[in-house]
Amino acid sequence: MFKTKIIDALSKVEVFAGLTRDDLKVVSKACRRIHYNEGETLIEMGKPSAGFYVLTKGKVKVILPERIEGGKARRASAVTLNTLNEGDCFGEYSLIEKKQGSASVIGFQPGEALKLDEDSFEDLMSNDHIGKIIYRNLLRILIRRLRKKEAELDLILIAG
């Protein structure tokens, strides 16, 4: 029953669009359900990624936190890059690049996510069929996010 719910949840998520029910069974076996609280850090900027997440409930904020270096703040305050909702994914940057997190992800309201740890993510990506579909979908998602941010910056430049 639990795995059926996970498969149903995954089937509604854009990053897994185009995968068959059998493919989603493979993905679901690699997922672990986690709960998070408001204010809880799921990914911390500058630290290795904890995994790839798909939100199934709640919201998270992607932020560049105020950072103190040598006693001086790099930013006067945290900068919100994005708010992610049910069905959105995050954590892919550091897993794909094999680098530390480029931003922090913090619970904006209590919620739940499906998590693939680094090894499980790599296993899925090494599957020619599943990996190709997920990478294509991730590319579409990332391009859309970039275009949205470009449009926001254009509005700021026009207003300024």
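Let's start with the largest pocket: helix α5 gives the most to its lining, with 6 residues. Keep in mind that this is a predicted model.

How big is that pocket? Its volume is about 490 Å³. There are 21 residues lining the largest pocket, and those closest to its centre are Val62, Leu81, Tyr93, Ala103 and Arg145. Three elements each supply at least two residues of this lining: β6 (79–84), α3 (92–97) and α5 (128–159).

Next, the second largest pocket. Here the space comes to about 260 Å³. This second largest pocket is lined by 13 residues, and Lys5, Ile6, Ala9, Thr56 and Glu112 are the closest to its centre. Which elements give two or more residues to the lining of this second pocket? They are α1 (2–11), β3 (52–64) and β8 (104–116). Of these, α1 gives the most, with 4 residues. By class, the lining of the second largest pocket has 6 nonpolar, 2 polar and 5 charged residues.

Serine 28 is in helix α2, which covers residues 21–30. Is serine 28 buried or exposed? Its relative accessibility is 2%, and the cut-off for buried is under 20%, so serine 28 counts as buried. What is serine 28 in contact with, leaving aside neighbours within four places in sequence? The partners are Lys3, Ile6, Ile7 and Leu10. Ile6 has come up already: among the residues lining the second largest pocket, Ile6 is one of the closest to the centre.

Serine 126 sits in helix α4, residues 118–126. Is serine 126 buried or exposed? The relative accessible area of serine 126 is 54%, and exposed means over 50%, so serine 126 is exposed.

One distance to finish on serine 126. Take its C-alpha atom and that of glutamate 150: they are separated by 32 Å. Along the chain, serine 126 and glutamate 150 are 24 residues apart. Residues 128–159 make up α5, the helix that gives the most to the lining of the largest pocket.

To recap. Serine 28 is buried, whereas serine 126 is exposed.

Terms used. Residues numbered from 1 in each chain as written. Predicted model: local features only at pLDDT ≥ 70, side-chain atom pairs only at ≥ 80, totals over all residues. Heavy atoms only, no water. Buried < 20%, exposed > 50% of the residue type's maximum accessible area, 1.4 Å probe, protein only. Contact = heavy atoms within 4.5 Å. 1 Å grid on protein atoms, 1.4 Å probe; cavity = no way out; pocket = protein on both sides within 12 Å on 5 of 7 lines; lining within 4 Å. Points joined across faces, edges and corners; volume = space filled by probe spheres on them. Nonpolar A, V, L, I, M, F, W, Y, C, P; charged D, E, K, R; others polar.
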